[in-house]
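Keep the structure open as you read.

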Amino acid sequence: MGIDFGVGALLSKTKLLTTLNHGPVVSINIFVAVICACIVIGHLLEENRWMNESITALLMGICTGVVILLTSGGKNSHILVFSEDLFFIYLLPPIIFNAGFKVKKKQFFRNFTTIMLFGALGTLISFITISLGAIGIFKTMNIRTLEIGDYLAIGAIFSATDSVCTLQVLNQDETPFLYSVVFGEGIVNDATSIVLFNAFRKLKLSDINSAVVLQLFGNFLYLFISSTVLGVVAGLLSAYIIKKLCFGRHSTDREVAIMILMAYLSYMLAEFYDLSAILTVFFCGIVMSHYTWHNVTESSRVTTKHAFATLSFISEIFIFLYVGMDALDIEKWRLVRESPGTSIQVSSIFLGLLMIGRAAFVFPLSFLSNLTKMSPDEKIDINRQVTIWWAGLMRGAVSMALAYNRFTRAGYSQCRESAIMITSTITVVLFSTVVFGLMTKPLIRTLLHSPKHMNVKVSPEPLTPKSFTVSLLEQDSETDLESRLASHPNSLRMLLRVPSHTVHHYWRKFDNAFMRPVFGGRGFMPIVPASPPEQDEQQ
């Protein structure tokens with residue numbers, strides 16, 4: 001009797017909470033519990049050659065949505081409505097910042113030309129290919145209310161790769177070149193796609209001419225340079241403040257707080273001034289790992305390293321769980337239930353267009369990039385090209401957010417055609433993340449002959465100061481460069497490579513002479529020097 005009374009009271013309490021003003025509390029409790037379950041299941045599947053945490057969270061989100069749909073009698077399928085603000089303002093910043101904070105800077109800047117080639121020019125090629133393909137195909141279908149601006153928006157939506165999923169399926173220790181190119185391209189790609197999306201949303205398409213095209217190009221350059229400068233300035237300011245005020249003498253908490261808040265401030269300032277917040281916080285992370293991180297105490301280094309990684313990890317799980325749960329939003333699917341075949345057909349067309357659009361720039365631009373490379377090891381061979389093409393096919397929350405921005409009002413579709421665009425985008429995101437994501441690791445093993453075990457175990461704590469010895473933009477020694485020049489005196493490709501080494505050489509001299517004395521860094525603090533996050537090779 002007592003047990004029956006206790007269960008009944010519990011059920012009554014739960015029902016009361018969901019019907020009164022405690023709905024958000026119940027939703028958050030369920031969501032946090034599901035996140036914990038995702039982390040546990042992801043740990044159990046750690047050694048699985050197919051699964052990763054992003055796919056696990058996506059599938060868990062779908063399963064949770066199914067359960068909610070059944071228990072609500074088909075009236076509801078999610079506990080949180082997809083929100084652009086939640087994604088762009090709260091979830092994305094820690095992910096991108098941590099990626100910049102721990103990126104292997106030597107590898108990133110060595111491939112910077114290729115990254116910019118793929119991320120900017122490649123995205124433009126993909127955008128044009130997808131937009132033209134959508135115009136040509138959808139004009140023949142029974143989708144009549146789409147305007148030219150909608151087609152251009154579709155090109156921007158499906159040109160945006162998923163940088164978050166890239167972090168999950170690629171490993172910068174196993175495939176450093178592939179990771180730096182695909183992830184770096186993804187950062188620039190997302191920024192370019194958002195620029196194109198916003199430009200054509202505000203632009204009067206009847207006024208498009210050569211001057212407008214040049215204006216768009218100028219706007220992109222302004223956006224890229226301004227966003228980068230803002231991130232660098234925020235990182236240098238944090239380094240200068242911590243170096244001059246020596247927070248560590250009194251409280252390591254203040255050091256950690258300044259780093260976190262300055263990074264987030266840079267992101268929000270970029271949003272406020274309509275810049276690319278993704279680029280800003282990424283370069284802020286790079287600068288902080290080179291200067292600010294070396295100015296804090298040893299305990300703060302360990303704390304910040306794990307704090308940034310933990311925030312990024314939770315945000316990644318949250319995003320994929322969020323997308324998976326929102327995929328079963330019953331309101332959107334009701335509008336397309338009379339034409340499910342059309343929705344499937346549109347989804348298939350989008351998948352085909354994004355695959356063609358990516359192939360249209362990966363292979364030609366790889367050929368152009370190879371013209372400047374001398375060593376066969378540095379060229380992007382056909383196996384690498386196929387892997388880069390495949391690894392960039394995944395679409396994620398950025399595509400979802402842009403689609404919601406264009407085809408919904410307050411999160412709800414207003415007409416059948418808009419609902420088809422939303423449901424098709426959801427289908428593409430789910431299919432590309434699960435199918436392409438599942439196949440990426442086996443594809444890398446097959447084409448690039450990676451080791452059998454992909455997961456490299458890294459000690460969570462720094463071991464000895466001797467392991468912290470490499471500086472930013474480390475390059476080959478002058479002796480190695482001279483020997484290469486002597487062995488290839490007439491090589492045009494070698495001449496093309498010399499300036500990059502010269503830039504690195506003069507950058508190091510400038511950094512040591514002017515930057516580090518002012519902003520700190522390795523060798524300019526009384527405490528024992530330590531390496532940036534991860535391992536010493538990252539620099």
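A crossing is called left-handed if the near helix is turned anticlockwise from the far one by less than a right angle, and right-handed if clockwise. Helices here are DSSP runs (H or I, at least four residues), numbered from the N terminus. This is a predicted model, where local features need pLDDT of at least 70, side-chain atom pairs count only at pLDDT 80 or more, and totals for chains, interfaces and linings use all residues. Residues are numbered from 1 along each chain as its sequence is written, and side-chain values use heavy atoms, leaving out hydrogens and water.

Start with helix α3 (residues 53–71) and helix α13 (residues 298–326). Their crossing is right-handed.

With a relative accessible area of 21%, Leu69 is partly exposed (buried is under 20%, exposed over 50%, partly exposed in between, with a 1.4 Å probe and protein chains only). Its C-alpha atom is 8.9 Å from that of Asp329, 260 residues apart along the chain.

Now hop to the loop between α11 (252–272) and α12 (277–295), where Asp274 sits. Asp274 isn't a glycine, yet its phi is positive, about 60°. At 58% relative accessible area, Asp274 is exposed.

Val233 is partly exposed, at 46% relative accessibility.

Conventions:
Helix = DSSP H or I, 4+ residues; strand = E, 2+ residues; numbered from the N terminus.
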